[in-house]
Amino acid sequence: MLDIKDIHSGYGDIRILRGINLSLSQGEFVGLWGHNGMGKSTLMRTILGYLTATAGSISFEGQDITGMATFRRAQLGIGLVPQGRAIFPHLSVLDNLRMGAVSFSQDRDETVSSVLKHFPRLNAYLDRPGGLLSGGEQQLLALARCLCGKPKLMLLDEPTEGIQPSIISEMVDTLHRIRESTGLTLLLVEQNQAFIGSLADRVLTMQKGVLVNESSTRDFLNNTHAFASA
Amino acid sequence: MNSLLVETQGLGVSFGGVHAVNSVDFRLERGELRCLIGPNGAGKSSFFRLLCGQYKPTRGSVKIKGKSIDGLQSYQIARLGLGIKTQVPSVFDGLSVEENIWLSARRVNSSREAATAVKEVMDTVRLSPIAGNQVGALSHGQRQWVELGIVMATRPDLILLDEPAAGMSDEEVKRTAELIKAANQKCALIVVEHDMEFIRMIAKTVTVFNRGTVLVEDTVDIVLNDERVKDVYLGKDLEMKG
Amino acid sequence: KGSDDIVIGSLHDLSGGLDILGKPMQDAMQLAVQEINDAGGLLGKKVSIVTMDPQSNMQLYAQYAQQMALKDKVTALFGGITSASREVIRPVMKRFNALYFYNTQYEGGVCDRNTFCTGQTPAQNVDKLVPYVTKRWGKKIYILAADYNYGHITTDWIKKYAGQVDATVIGADFFPLDVNQFGPTIQKIQAAKPDMVISVLVGGAHMAFYRQWAAAGMNKKIPMASTTFNNGNEHIVLSKDESDGIVTAFSYFESINSPINKGFVDRWHKKYGADYPYIGELAAATYQGVHLWAMGVKKAGSLDRMKMIQALETGISFDGPSGKVTIDPVTHHCVLDIQIAECKDKKWKILESYKQQKPVDTAAVCNLSKTPNENKQFVIKI
Amino acid sequence: MDYFAVVCLEVLNAVATLVLVSIGLAIVFGMMKVINLAHGEFIMIGGYAAITASKLGVNIWIAILLVSPIAVGLFGFVVERCIVRYLYGRMMDTMLATWGLSLLLIGLITSIYGNTTIGLSSPLGSMTIGAYQVSLYTVFIIAVAIAVLGGLYLLLTRTDFGLVARGVMQNASMSAALGINPARIYSVTFSLGAALAGLAGGVLAPITGVVPTIGVAYVAKSFITVIGGGASILTGTLAASSAFGTVNQLTTFLSTPVIGEVGLLLVAIVLVRMLPQGITGRFFRGRV
Amino acid sequence: MKNYLPIGACLAAGLAAILILPLFLETFTLMELTVYVIMSILALSLGFIWGYGGILCFGQAAFFGLGSYAYAIAAINFGESTGAFAVAIVVPALFALALGYFIFFGRISDVYLGVITLTVTLILFNLTNSTSGDQYRIGTAAIGGFNGIPSIPTLNVPGSPDHIISPDAFFVVCVGFLMAAYIGLRLLLGSHFGRVLVALRENEQRVDLLGYDSRKYKLAAFVIGGGVAGLSGCLFANWGAFTSPTVFSLTQSALVIIWVLVGGVGTLLGPIIGCFFVQWLTSYIGGLDIVNPNLLLGAVLIGFVLLLPKGLVSVLAKWGTILTSHFGSKSANHGRKHSSPQPASGGVAQ
Ligand SMILES: Nc1ncnc2c1ncn2[C@@H]1O[C@H](COP(=O)(O)OP(=O)(O)OP(=O)(O)O)[C@@H](O)[C@H]1O
Ligand SMILES: Nc1ncnc2c1ncn2[C@@H]1O[C@H](COP(=O)(O)OP(=O)(O)OP(=O)(O)O)[C@@H](O)[C@H]1O
Ligand SMILES: NC(N)=O
Ligand SMILES: [Mg+2]
Ligand SMILES: [Mg+2]
């Protein structure tokens, strides 16, 4: 459903991605792994259109989206949980979620409450401004907000950062459940190998702006050391 | 000289109806390395902010080196020998990595010694290759390290680290753990982390926060096998597909 | 503009808040110069004007005055609207030896042999206005004035002349030039119950007073006189309901019924169009100022500054649209006619005329025949 | 007693006037962090729009209440498209550009209208309170201010636009990732702010008149009001307008307009010092 | 050290101006240049506290105005300029100290700081504006209200009140002060103090956490800025021998900001260049007499922001880089600084 061909992109004159090729098929969970500063977040930003690709093409469900504006890509069904969360700090938790479901003016409240079922913790804070939640609470909120938009493809950028272990495992369960019920496709950037291991079908490794390796999850977990020194 | 570095009594802070921290009695010896864990929203970051004066306590008191920090400005508290690495990296985005470290080193060194001190820190934290880069354009993980360098360069007696390993790969996590142990030769540290691998690498004594209070405080093995801690915090281990 | 033209400078605000005053003054200069040139020029040469727009900015007033004196080498500079701008220009012209004409109605007291003031001063119009309105409306006066020199000094003159006819000033409020909310003032006036209001308000923001006064229905209850109403075309901008009945005293009104004025107004409208809003006091004084200067040049037969000054000090008179204007050699101000008029249907109906009023205020402090080196603006003790 | 009533009415008038001249700026600054230094000139154009319309035979109420806001709203739309759009996130650059715009508008309107524009007269008569006469139009101004605040409250809290606008203002790129087109929200918000400025210009025209430079009198005062109000657009503007308007008018009654003005400014300073985030920064963060 | 280049360039340019310009420029051009030089000292003061200290002061005109009034009043009372000159710098600096203490120790920052400084300026405007009338005097000097203070005694040779400095000499004096201010600030920025100041602009909280008292650093910068602005005001009062409340006006306050923006924030050279350019433009179009000056100036400013977002100095820097790279020198660092993403994020060195 997502087809990336030889993408180059970066910040101004600084080139970060140097020819990425990547295909995701419907319903697939793919992990993306790599050291700090290798360009994982940059790839996410390029897929969503924050950064425009200087070369190459991206297509989503057969449609070329290379030059499309970010909000249109989102409307097509690409959702992002960004690194750093990007909660609306002065909107209440509920309004943050409603923002996520903004394109469904009809059944917005239903959408929100059905998502909230997966995140019982947030229920206690619905009226609190998002900016005052603790780091981990904000991470959950960002995930829930993204789900409120009923994305077909979800881009998850280091979702376990700052999350307590028990919630991480809850998060895994939640994502599996949602996968079953909606056929969600997932591109997951993670440094936590246990988390990748429990979610991803296959793992890609990124180094200095190129994908250097692709392997099954099992191989990935068995060869951690090889990857680490890669 | 008092060997107690930090002592809090009945410490608490509330926002509206939220008791973020609630009557915490906490003691830390000089040179100690303490890990702080606990569920999201348990009040760990708030506790840090109380220690460095960013939040004023609603109840109770904080003493550093036997001195109450009540009424002190945060720069005065820093001068008592306290350095903090915040959860969201707080660095000088517009300046280069080297300038970032220099500013911090120069506070405690003469201008001649500062250059050496900067070099030392940059080598320890392995920042030398990116010394001239503007910090604002670094990746998330790189900024974490820069902040660590800034904190170490002031040669504090106590470093507070709020999730130092967040967003780092396993290898980098290991490197950070080594750094922390090295730093612990010279000063005390309190480290907040959710990464249990990491905690196991460095921890001696662990304090568990829950709902603003201290739930357990003991050695790492005891704490991680404590049922209550498993209940509120650890949960079940992840099942790997592999 | 030929290379050996006689050059004079025009320095008036043509943009910014005071352009409503500056534009007609600039137009008046052009008309006067055109007339002089049509009549054969001066000393066999044509007269031309350099124009600069100081944009209501004091620094530019200074810069342009320097430039006109030193680079354009103007024979005389005409300009300055507020007293503040005049006091910026005046020292520059004195220092660089160029003649200066200030053509605005102002508070009086300038004493400088290099400067000629052709506008009316308070002793000339207030002296006539106060007795007239107190006789007509009563003895209790409430003054509203612009909060600057002109407003304060004019208020003092009103008090003095009121005293002479046993009238009293029961209140005086001063307003910075940018105030445009007068609600509290209008209530205060109602509480004080005066027989009349005399307005010394100035400029676009202050025009709001007349609207708010009328909106509260006060114009039907308490009559109003003014020493300034019409300088900023107030009677055109306001509706007739808001302006009818206001009484003012100026040396010039467009409606002065004399052949000279009729000719002047015709020539003006021919040059600038029949729909020119209004030719006011300041425009007429500027026009007359240029002509007085030209007469001085002719009489001197030279462009030498001292010779021109001496010629102008011989008591030169010009029969202008406002009547006869004569330069008073002792003060370098003008002896001129004063008219009292009432606003009716956005026009001025002249009620009384007083011939040849002397600048007695300035004369009380300034005698350039005795002290030719004097160079300041006196504060006149009233 | 009647004097007291009259004073109260004038105080309300001052508050309402401040609300009207500030609210457009509050929307634009509060939501977009754009300091629009041409705000005063937007008000000025509102005045000219009303005058022009009524000269062309449009009913004066329609001219004031519809033509002014619509004309200036459309103008704001164009300004956003051509200038402001390129400067989001660069607060000082927008200040410079809108300062330029303000000069340009003063020049443009002077060139078109000259400086002798026949104004509108206040369309309502006067009324009597005891021994005093006051303009009925004062009551109208107060009513318009209340209606504007009420309408905006509903718009910002009860509609999708309100939610989305507040979200976009806090984090535009995240909003885009949720399928919202920030450019459109900016455009609508800026036009709304402009329309409110236009409304103020139209409503105030009959009692202040309009000259091309009239905006200068408003811009500093509305800026101080908006900042003094703090983060909440409506509550803040209302609170600051009430504080400043009351102090200004009461001091003016008791002394002189200068002292009244200085009083207002002093209160603003004390207020910002005591509440460094504006009146509502502390208590109503994130509310409208 | 990186400081030597700009300081050397400044010395060379200043000396060239002092030695060469008076030889072949007419007096009036020199006087016009003088006022540009004076105003660029004001621009420099804001460029310093805003571009480096991150202190967004909307009221730099207040210190300028106080300097001019303090000089005027003192000079009229003393009948001599040397003491008045000192007063004109000390008074604004003390005022900045008091105001800065109020602001920084009250933890007011950002746009709230902007609004306080603007408000203070407007208060000064209102107060000086309403002092017409003879009762408002300080010593023998009438404050004069709206009309301001005319006929101020101008600079004399220190110690001998009868030797008034000529326009040509005054030009030299002003250029000298501009150079002194520029070099002084540049040295300051290279020092420990200056670097902490820049860090403060980047992240105040972190500066505090490192153990620096950020409030004191900001206050010191503010006072220095106030003193420099006062110097400029003092020279201005000397230049035209007048001052009036418009020095405190909204327009004057905005103009300073415009000069800095047009030239380039985050540099010291930018404010000077921006000031010269805008002043020249304003004065030029006032003599054009075909278009409304407001219209033209407004259009130019808008064009500027849209086309040259980093100010004139970035253009110069680009030319500079092209030139130097042509000659193979290595000033790449210099050029890159100006392509940083935010206008206000220049490093310590420029
Ligand atoms: N705004 C920016 N401007 C310039 N360079 C940037 C910017 N953001 C990131 N970079 C650079 O791009 C490179 C890749 O950054 P990116 O954030 O994609 O890394 P990452 O793989 O997500 O790392 P991490 O695991 O630390 O989040 C880094 O070297 C970083 O310095
Ligand atoms: N300034 C504040 N105002 C209101 N509530 C706050 C504030 N700061 C923190 N809280 C609340 O206090 C609780 C504790 O927050 P804190 O950030 O200390 O948690 P934490 O233990 O650091 O969590 P995490 O591990 O997720 O970072 C949270 O529920 C949070 O919403
Ligand atoms: N001189 C005047 N009217 O200012
Ligand atoms: Mg990343
Ligand atoms: Mg935390």
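Trainee: How far is an oxygen atom of ligand 1 from an N or O atom in the side chain of Glu158(A)?
Mentor: This is a predicted model, in which local features need pLDDT of at least 70, side-chain atom pairs count only at pLDDT 80 or more, and totals for chains, interfaces and linings use all residues. Side-chain values use heavy atoms, with hydrogens and water left out; residues are numbered from 1 along each chain as its sequence is written, and chains are lettered from A and ligands numbered from 1 in the order in which they are written. The pair falls under the polar contact criterion (N or O atoms within 3.5 Å; within protein, one must be able to donate a hydrogen and the other to accept it, and residues adjacent in sequence count only if both atoms are side-chain atoms). For Glu158(A) and ligand 1 the separation is 3.2 Å.

Trainee: Which elements give two or more residues to the shell around ligand 1?
Mentor: Residues from chains A and B surround ligand 1, so the site is shared between chains. Elements are DSSP runs numbered from the N terminus: helices (H or I, at least four residues) and strands (E, at least two). Chain B gives α5 (140-153), and chain A gives β2 and α1.

Trainee: Which residues come nearest among the 21 residues around ligand 2?
Mentor: A residue is near a molecule or strand if one of its heavy atoms lies within 4 Å of it. Around ligand 2 such residues come from chains A and B, so this site is shared between chains. Those that come nearest are Leu132(A), Gly136(A), Lys44(B), Ser45(B) and Ser46(B).

Trainee: How much of the area that ligand 2 exposes when taken alone does the protein bury?
Mentor: Oxygen atoms of ligand 2 lie 2.6 Å from a polar backbone atom of Leu132(A) and 2.8 Å from one of Gly43(B). A polar side-chain atom of His194(B) is also 2.8 Å from a ligand oxygen. Of the 640 Å² that ligand 2 exposes alone, the protein buries 93%.

Trainee: Into how many nonpolar, polar and charged residues does the shell around ligand 2 divide?
Mentor: Ala, Val, Leu, Ile, Met, Phe, Trp, Tyr, Cys and Pro count as nonpolar, Asp, Glu, Lys and Arg as charged, and the others, Gly among them, as polar. For comparison, the shell around ligand 1 has six nonpolar, 12 polar and two charged residues. The shell around ligand 2 has seven nonpolar, 10 polar and four charged.

Trainee: Why is one side of β2 and of β5 of chain A left without a neighbour in the sheet?
Mentor: Two strands pair if DSSP finds at least two bridges between them. The open sheet of four strands in chain A has antiparallel pairing and the order β2-β1-β4-β5. β2 (14-24) and β5 (63-64) stand at its edges, so each has a single partner strand.

Trainee: What angle does the direction of helix α1 of chain A make with that of β1(A)?
Mentor: Contact means heavy atoms within 4.5 Å, and by that criterion α1 (residues 40-48) touches β1, β2 and β4 of chain A. Axes are lines fitted to C-alpha atoms, for helices over the stretch in contact, and angles run from 0 to 180 degrees between N-to-C directions. Here the angle is about 115°.

Trainee: What is the bridge partner of Leu32(A) in β8(A)?
Mentor: The open sheet of six strands in chain A has mixed pairing and the order β6-β7-β8-β3-β9-β10. Within it, four bridges join β3 (residues 29-33) to β8 (residues 185-189), which run parallel. The partner of Leu32(A) is Val189(A).

Trainee: How long is the polar contact between the side chains of Tyr88(D) and Glu80(D)?
Mentor: Tyr88(D) lies in the loop between α3 (60-82) and α4 (91-113) of chain D. Not counting residues up to four places away in sequence, Tyr88(D) touches Met32(D), Val34(D), Glu80(D) and Tyr186(D). The polar contact with Glu80(D) is 2.5 Å.

Trainee: Which chains share the most contacts?
Mentor: Chains B and C do not touch, their nearest C-alpha atoms being 38 Å apart. No contact joins chains A and E either, although their closest C-alpha atoms lie 9 Å apart. Of the six pairs in contact, the most contacts are shared by chains D and E.

Definitions and conventions: Accessible areas come from the Shrake-Rupley method with a 1.4 Å probe; for residues, only the protein chains shown count as cover.
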